[in-house]
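Here are a few notes to go with the model you asked about. Have it open while you read.

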Amino acid sequence: MSIGNSPEDERPFEDPSEEAPFSIGRALMQARIAAGLTVDDVSSATRVRIVIIHAIESDDFAPCGGDVYARGHIRTLARAVHLDPAPLIERYDDTHGGRPAPTPAAPLFEAERIRPERRGPNWTAAMVAAIVAVVGFVGFTAFTGGDDDGSKEQVADGATPATGKTASPTTKTDKPVDEKPEPSDSAIAAAPQDKVTVQVSATDGRSWVAAKDHNGRLLFDGLLKKGDSKTFQDSEKINLVLGDAGAIDLYVNGKKLDDDFRPGAVERLTYTKGDPQVG
């Protein structure tokens, strides 16, 4: 009877962890545990549902509802557990076919205002202004010429002009000219009434922002750095997702919203035409 090791015992030891691929969920879970946080703590701090946090920590991103929301959840959870989100997002893009090129929203809607200024109507406006100026000059000349002829006839006839007529212009200039109306709210808020206009400004830091129109078409998906601003416009409604709502100022239909978003909070918002209101 042999007491030595069998051939299976003589095989080299293989560490399965060396071949294990980089896991987004495992990295988030380990960082959460290292920070001494529970799933409930992270859910309360980020407003991400507990079932979604469990799914992401298991590398299941289907409950997120799409790549845009999955990236936003990853960023939010990484910040909550003090982890750099950049490597996690890069890993997600590598394993999910890469990140789609975002469609810039502002140029689509600003094209309606910019393009007419670059076309021929500029020349038309100049010609109209020139014609108006010529007509006004001719009318003014005819009017002043008629007055001169009248005065000449009065001098020829020996008539003296009445003092009341000469004094009337001075009395008119003495009248106060303080009849300018006060600017109204509609003049200050120049947003069109038949559309919904939403301006997103990163004033207190940077934030990831995604925007869709009423048909669900993606208008923008990207990071706004501090000081950056984006404007979205649609005929019915704008759907927003803010990765760090505390860093954002919102202007809806020309009016600034007084929100109380917390730093690092993810917000999903919908705005429609009329007075600012959350859909």
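The points below take a few spots one by one.

1. A quick word on the basis: this is a predicted model, where local features need pLDDT of at least 70 and side-chain atom pairs count only at pLDDT 80 or more, while totals for chains, interfaces and linings use all residues. Residues are numbered from 1 along each chain as its sequence is written, and side-chain values use heavy atoms, with hydrogens and water left out.

2. Start with helix 2 (residues 24-34) and helix 6 (residues 85-95): their axes come within 10 Å and cross at roughly 160 degrees. Axes here are lines fitted to C-alpha atoms, for helices over the stretch in contact, with angles from 0 to 180 degrees between N-to-C directions. Helix 2 and helix 6 are therefore roughly antiparallel (the term covers angles over 145 degrees). Helices are DSSP runs of H or I with at least four residues, strands are runs of E with at least two, and both are numbered from the N terminus.

3. Next, look at alanine 62, in the loop between helix 4 (50-57) and helix 5 (67-80). Alanine 62 is exposed, at 63% relative accessible area (exposed means over 50%, buried under 20%, partly exposed in between, with a 1.4 Å probe and protein chains only). Its C-alpha is 9.0 Å from that of isoleucine 52, 10 residues away in sequence.

4. Now try aspartate 213, in the loop between strand 2 (207-212) and strand 3 (218-224). Aspartate 213 has 4% relative accessibility, so it counts as buried. Isoleucine 238 is 25 residues from aspartate 213 in sequence, yet their C-alphas are 5.0 Å apart.

Note on methods
Angles under 35 degrees count as roughly parallel, over 145 as roughly antiparallel, 65 to 115 as roughly perpendicular and the rest as oblique.
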